[in-house]
Amino acid sequence: MEDTERKTVMIAARERGPGPGRYALPTSVGFKGHDFTKHMKPSYSFGQRLDNSMFSKDVSPGPKYHVNPRFTRSGPEGEPKYSMLARQPDPNVFRPPGPGTYDNHRVFPQGERAAPAYSMGGRTRYRKRDCHPAANAYTLPQLVGPKIINKSAHPAYSMTGRSNIHGFDEDLARTPGPAKYNVTTPNAYRNKQPLYSMLGRNIMPGDNTRKPGPGAHSPEKVYINKRKAPVVSMGIRHSEFVCPLIIDVTD
């Protein structure tokens, strides 16, 4: 009886080699390491300029000189040239005033009578003989009150404060005034009026639980009574090489 060999299945987790991202494709630019499976175009390089040292070395500058366009082969052009200078200062000569300097409307016509005009000058120097008091230095005696020297005065009276002792309005009996007594309420000598009081608002007992409103429901999202396409969800990949979680349970 021949032994049947069991075919083993290759599992990628058992392979320890590098993945496909480990390898990189060869470049197709340049000539170093070019991909041999693709066509490579010809490449060119730029070299340096070699000096012609066999005969002589050319060290003269190139056409870098700027020739003035106003010069020709026979010399400069013959057109006239002009320049503008600054204004020269005026010579120091006699400068008579112009017509706008005078104000003829402020001059009174000559030959006509004019009102006298006065001007106020500065205060003159104070002299020793001028030390006399002026007219406003003296004051006349007052004519109000009894203190007049050369005049007969009327009798003067003074007003004092009101005294609470031995006065005409002194309250010797200490009796209370009419404002001392309170107004008698009409309920004391008439039929008593009904009395009312105001209490707080009483809340009727009821169900205080919060109930959803009409906007809390979404009937358009209910598919329990309608046909619905199958829904597929994607789970996670499980590996047999993952170590299971083992927790010791203590009695």
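User: Asp 35 is buried; why is it said to have no salt bridge?
Analyst: In this predicted model, the nearest side chain of opposite charge to Asp 35 is Lys 38, at 4.7 Å. A salt bridge needs a side-chain nitrogen of Lys or Arg within 4 Å of a carboxyl oxygen.

User: Where does Asp 35 lie, and what does it touch?
Analyst: Asp 35 is in the segment before strand 1, which spans 71-72. Leaving out residues up to four places away in sequence, Asp 35 touches Pro 26 and Thr 27.

User: What makes His 34 buried or exposed?
Analyst: The relative accessible area of His 34 is 15%. Buried means under 20%, so His 34 is called buried. His 34 also belongs to the segment before strand 1.

User: Which residues does His 34 touch, and which backbone oxygen does its side chain reach?
Analyst: With residues up to four places away in sequence left out, His 34 touches Thr 27, Ser 28, Val 29, His 39 and Met 40. The side chain of His 34 comes to 3.3 Å from the backbone oxygen of Ser 28.

User: How many salt bridges does a search of the whole structure find?
Analyst: The search finds three. Side chains of opposite charge can pair when their charged atoms come close.

User: Why is the pair Arg 70 and Glu 77 called a salt bridge?
Analyst: The closest N and O atoms of Arg 70 and Glu 77 are 2.5 Å apart. That is within 4 Å, so the pair counts as a salt bridge. Arg 70 has 46% relative accessibility and is partly exposed; Glu 77, at 26%, is also partly exposed.

User: How do you know that Arg 106 and Asp 103 form a salt bridge?
Analyst: Their N to O distance is 3.9 Å. The cut-off is 4 Å, so this pair is a salt bridge as well. Exposed means over 50%, so Arg 106, at 67%, is exposed. Asp 103, at 36%, is partly exposed.

User: What makes Lys 211 and Asp 207 a salt bridge, and are the two residues buried or exposed?
Analyst: Their closest N and O atoms lie 3.1 Å apart, and 3.1 Å is within 4 Å, so the pair counts. Lys 211 has 57% relative accessibility and Asp 207 has a relative accessible area of 54%. Both values are over 50%, so both residues are called exposed.

User: What share of the protein chain is buried, and how many helices and strands does it have?
Analyst: Buried residues make up 2% of the 251 residues. The chain has zero helices and two strands. It exposes about 30000 Å², of which carbon and sulfur atoms supply 56%.

Methods: Residues numbered from 1 in each chain as written. Predicted model: local features only at pLDDT ≥ 70, side-chain atom pairs only at ≥ 80, totals over all residues. Heavy atoms only, no water. Buried < 20%, exposed > 50% of the residue type's maximum accessible area, 1.4 Å probe, protein only. Helix = DSSP H or I, 4+ residues; strand = E, 2+ residues; numbered from the N terminus. Areas by Shrake-Rupley, 256 points an atom, 1.4 Å probe, with all protein chains shown as cover. Lys, Arg positive; Asp, Glu negative; His and termini not counted. Contact = heavy atoms within 4.5 Å. Polar contact = N/O pair within 3.5 Å; in protein donor to acceptor, adjacent residues only side chain to side chain.
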